[in-house]
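Visitor: I am new to reading protein models. Could you walk me through one, feature by feature?

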Amino acid sequence: MDIFFEREKMEYLLTGKEMTECDRYTWELLTGKEMTECDRYTWETIGIPALVLMERAALGLVEEIRKDCPVSMPVLAICGRGNNGADALAAGRLLTDAGYRVRFLRLPGGVPEGSSLQTQLRILDAYGLPVEEYSPGCSMLNDFAPPDP
């Protein structure tokens with residue numbers, strides 16, 4: 001991966017610099033591996049901790065949700081065991097702070113020790129927000145299903 005090319009992309013993400021329409025269409029999507037490399041570069045070389053990046057991503061998502069979804073709309077934050085799952089928990093927590101009714105659902109399986117997911121689960125626990133583990137027939141999903149036509 002050409003880290004210098006990626007650094008230009010990261011500048012927009014980290015500084016909030018405004019992109020032109022041309023910028024938006026010239027970026028290639030990063031693969032999961034490339035994004036991990038960008039994250040690692042940001043943590044190790046630039047010095048921005050992973051938790052800070054996660055909070056910024058969650059804040060961006062919450063900002064977009066608040067534009068289109070009223071506070072009265074219930075939210076279901078579903079997370080797996082990786083960093084994207086931790087992102088979902090962070091965004092759900094911030095939506096709770098904004099007044100949304102958020103329920104949290106975690107896919108079954110262990111939580112990696114020292115992971116961002118473990119950190120976000122601890123934060124939710126400190127907030128007193130329960131995270132339910134998915135099981136077949138989970139009734140929580142019915143609360144968010146669209147009504148029958």
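Predicted model: local features only at pLDDT ≥ 70, side-chain atom pairs only at ≥ 80, totals over all residues.

Visitor: What pattern does the protein chain follow, read along the sequence?

Guide: Start with the terms. Helices (H or I, at least four residues) and strands (E, at least two) are DSSP runs, numbered from the N terminus. Here the protein chain reads α-α-α-α-β-α-β-α-β-α. That comes to 7 helices and 3 strands. Residues are numbered from 1 along each chain as its sequence is written.

Visitor: What pLDDT does the protein chain average?

Guide: pLDDT is the predictor's confidence in each residue, from 0 to 100. The protein chain averages 79. At least 70 is reached by 72% of the residues.

Visitor: Where is confidence lowest, and where is it highest?

Guide: Helix 2 (residues 21-26) is lowest, with a mean of 50. Helix 6 (residues 116-127) is highest, at 94. Look also at residues 1-5, where pLDDT stays under 50. A contact means heavy atoms within 4.5 Å. For residues 1-5, the model has 5 contacts beyond four places in sequence.

Visitor: What share of the contacts in the protein chain with a separation of 6 or more comes from residues 24 or more positions apart?

Guide: The share is 74%.

Visitor: How many of the residues count as buried?

Guide: Buried means under 20% relative accessible area, exposed means over 50%, and partly exposed lies in between (1.4 Å probe, protein chains only). The protein chain has 149 residues, and 27% of them count as buried. For the surface, accessible areas come from the Shrake-Rupley method with a 1.4 Å probe; for residues, only the protein chains shown count as cover. The accessible surface of the protein chain is about 9,600 Å². Carbon and sulfur atoms make up 56% of that surface.

Visitor: How many salt bridges does a search of the whole structure find?

Guide: A salt bridge is a side-chain nitrogen of Lys or Arg within 4 Å of a carboxyl oxygen of Asp or Glu. The search finds 5. One of them joins Lys67 and Glu64, with the closest N and O atoms 3.0 Å apart.

Visitor: Why are Lys67 and Glu64 separated by about one helical turn?

Guide: Both sit in helix 4 (residues 50-68), and they are 3 residues apart, so about one helical turn separates them. Lys67 is exposed, at 56%. Glu64 is partly exposed, at 40%.

Visitor: Which residue forms a salt bridge with Glu44?

Guide: Arg40 does, and the closest N and O atoms are 4.0 Å apart. Glu44 is exposed at 60%, and Arg40 is partly exposed at 38%. Asp39 is in helix 3 too. Asp39 is partly exposed, at 22%. The C-alpha atoms of Asp39 and Pro49 lie 9.2 Å apart, and the two residues are 10 apart along the chain.

Visitor: Which residue forms a salt bridge with Arg106?

Guide: Glu133, with the closest N and O atoms 2.7 Å apart. This pair links distant parts of the chain, 27 residues apart. Arg106 lies in strand 2 (residues 102-106), and Glu133 in strand 3 (residues 131-133).

Visitor: Is Arg106 buried or exposed?

Guide: Arg106 is buried, with a relative accessible area of 13%. Glu133 is partly exposed, at 41%.

Note on methods
Heavy atoms only, no water.
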